[in-house]
Amino acid sequence: MSLEQLPLLQQLMLVLAAVVLFTSFALLEQARLVAAIHAFAWQGVLVAMVTAIVAASGGLAHLFFSAALTLALKALLIPWMLHRLVRRLELDRHREPLRRPALVVMGALALVIFSYWLVLPLVQQELLFTRNIVAVSLAVVLIGLLMMVIRTQAVAQVLGFMSMENGLFLAAVSATGGMPLVVELGVAFDVLVAMILFGVFFFQISESIDSLDVDRMTRLTERAEDDS
Amino acid sequence: MSALPWVVFTPLAGALLLASIRRPQWAGWINVLVSAVTFLATLVLAFTVAEQGVLAVSMFRVDAFNVYLLVLTAFVGMTTAIFSRPYMQYVRDTGRVNRRGMRLYHAMFQTFMFTMLLALSTDNLGVLWVAVEGATLATVLLVSLYRTPEAIEAAWKYFILCGVGIALALFGTVLLYFAAQHVIEDPAAGLSWSALHAVAPQLQPSIMGLAFVFLLVGYGTKIGLVPMHQWLPDAHSEGPTPMSAVLSGLLLNVALYAVVRLKMLVDGSLANADTPHLAGYLLMGFGLLSFLVAGLFLHRQRDIKRMFSYSSIEHMGLMTFAFGLGGPLATFGALLHMLVHSLTKSAIFVTVGHAAHIAGTQSIDHIRGLIRTQPTVGWGLLLGVAAIAGFPPFGVFTSEFLLLTATMKTQPWFAVPLLIGLAVAFAGLFRHLHPMVYGAVPEGQQPVPANMLPVAVHLGLVLWLGLSIPGFLARWLDRATELIAGVPLL
């Protein structure tokens, strides 16, 4: 069964999922923090749209609620909080270009291919659609992880973390029609609390090392102990 | 009326109460009281479960495996609360924490207990995930409580590493749910462990295998398995000592508990596949690696709390290995080891907290002559380390002996690295311990107010478990063994 034979709504979902993946790349490459936050907000909007489409096509009422929750949390509240923190920490003009952009993009591409390879076991004729979308979500998760590894700026790391969360949510919604409500609420609550704590930490870190470049925090390595 | 709601929700109520109390003196006592009520509730629960076998109420399910961990968790929580009251009072008097910090500390202590008990008692794997993530969130601000640059660095590392790890575990949970949907009709039951366990052989093996890899890496980060262990020594060494005691004694156990529960599902699903022991082999590999690497790292530590956190990684590695080995004997040994390790390690951290106050530093090089300055602390440390290093007649010896026997029976070659690892770890601990306990006393070193009751009780219990495991406990562990390994030992 080829992609064109899928129902129209599923095709639309695949397109949206692809755009989510695209925003992940945009997030990864973005040098300016404010622009990165905007890219993240758009990713949230897209994930909410996918959720709403799943809800509409499957007639799953509780997913409409999840879509609204995602939109409120990932597209509005968290970007707004980050925006405010960035302004209060006077980082709005902060630019931090990647050191080797070509290499990073190649790495991210490799992760996308790896994700497709990893979900190969799901190959079954009727699972074509699911496999695609699980692979895309896994790629979003892994690119978020990559972003946390290569970015040394705390706000950028948090964006990576949150986009991982988006990928997870996308997987849950599109592959399984959403987790049970109690789990979804718990996850949303955890994400919100995590965001608040991240905000607290931005201030603690910038107080402590006068910057949000977490690579400067090197007091606790095993090697440092030998030197002392 | 069932004791279950009391077990889970007493700490939550306590956390809310403690967040609103402004007087640190009262907060310490209330913390003890709440913990004691929780412990009593778990005891009642344990009796109920002993009579009925399995207690299942909506989202919760308590059987032989988790009930003993519930009792253990509440018990260690209670003794740590008893220890933390004068300890945190002392910390406040020395000006390292202000009033707001104390409020945060007490509220988060109980929140942490709530997440631990929820994670243990829930039947829903999604709620389990939420609770384990909640435990990170509750403790991360406590790691940075002293606001030193080191503490903030440790907390950030802890937050990011555990956040990433646990995100991977969520992906695994999603895959699990995906596999369940092809078998279980009711979407609400798709994450229920008992429902999944009942249909485990029908779950699609390829998806379950993939899910388990993600879940193991995710929860393994929390267990402190090498190479995802980087956060653990930092978080343990920089946070307040009562926190180190509960992190080491409880959080690691709960993460391991989650992995074992998931392994039971995966084993059921993979039984007829090409790689029936995939989960077991993965656990054995990660476990052995952690065990050996942590043993070596023990030697080069300069900070006393860091040293004991590496010892925790070593023991968690050993337990992970044993659960991976499977079979009734190894499982029984691992369950016993979870129990004795928790008791011993939290006792050690309590003692270490006092020792660090006596010396005014956590640096091993500057802690000297404890046994002369304050004999109770000195002896506590000596006996605690003897116990954790696996000396007879302590309980750790019994469980390690069982584990070694099981290894020799099923995979004799693995006994060699195990024995070498045990010797290396033993040497690592004792080369640091000896000068700390017996060395020359620095001038002007004074005893500090110390409450050694929790240590005495814990070590007494470990000694008792080493000499003779009481019948009811042995039966209890045996039922848990039967649940996990399929066959009872006794």
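How many residues has helix H16 of chain B, and what does it reach from its first C-alpha to its last?

**Entry 1: the model.** I noted that this is a predicted model, in which local features need pLDDT of at least 70, side-chain atom pairs count only at pLDDT 80 or more, and totals for chains, interfaces and linings use all residues. Residues are numbered from 1 along each chain as its sequence is written, while chains are lettered from A and ligands numbered from 1 in the order in which they are written. For chain B I found a mean pLDDT (the predictor's confidence in each residue, from 0 to 100) of 92.

**Entry 2: H16(B).** I looked up the helix (a DSSP run of H or I, at least four residues, numbered from the N terminus) at residues 395-410 of chain B; H16 has 16 residues and reaches 23 Å, close to the expected 22 Å. The expected span is 1.5 Å times one less than the number of residues. Among its buried residues (20 or more other C-beta atoms within 10 Å of their own, the C-beta atoms being placed from the backbone) I listed B:Val396, B:Leu403 and B:Thr407. Their cover in chain B includes H12, H13, H15, H17 and H18.

**Entry 3: chains A and B.** I recorded that the contact (C-beta atoms, placed from the backbone, within 7 Å) takes 38 residues from chain A and 37 residues from chain B. On the side of chain A, H7(A) gives the most, with 13 residues.

**Entry 4: H2(A) and H3(A).** I found that their axes (lines fitted to C-alpha atoms over the stretch in contact, with angles from 0 to 180 degrees between N-to-C directions) come within 7 Å and cross at roughly 175°. The two helices are therefore roughly antiparallel (over 145 degrees) to each other.

Terms used
Buried ≥ 20, exposed ≤ 12 C-beta atoms within 10 Å, placed from the backbone. Contact = placed C-beta atoms within 7 Å. Parallel < 35°, antiparallel > 145°, perpendicular 65-115°, else oblique.
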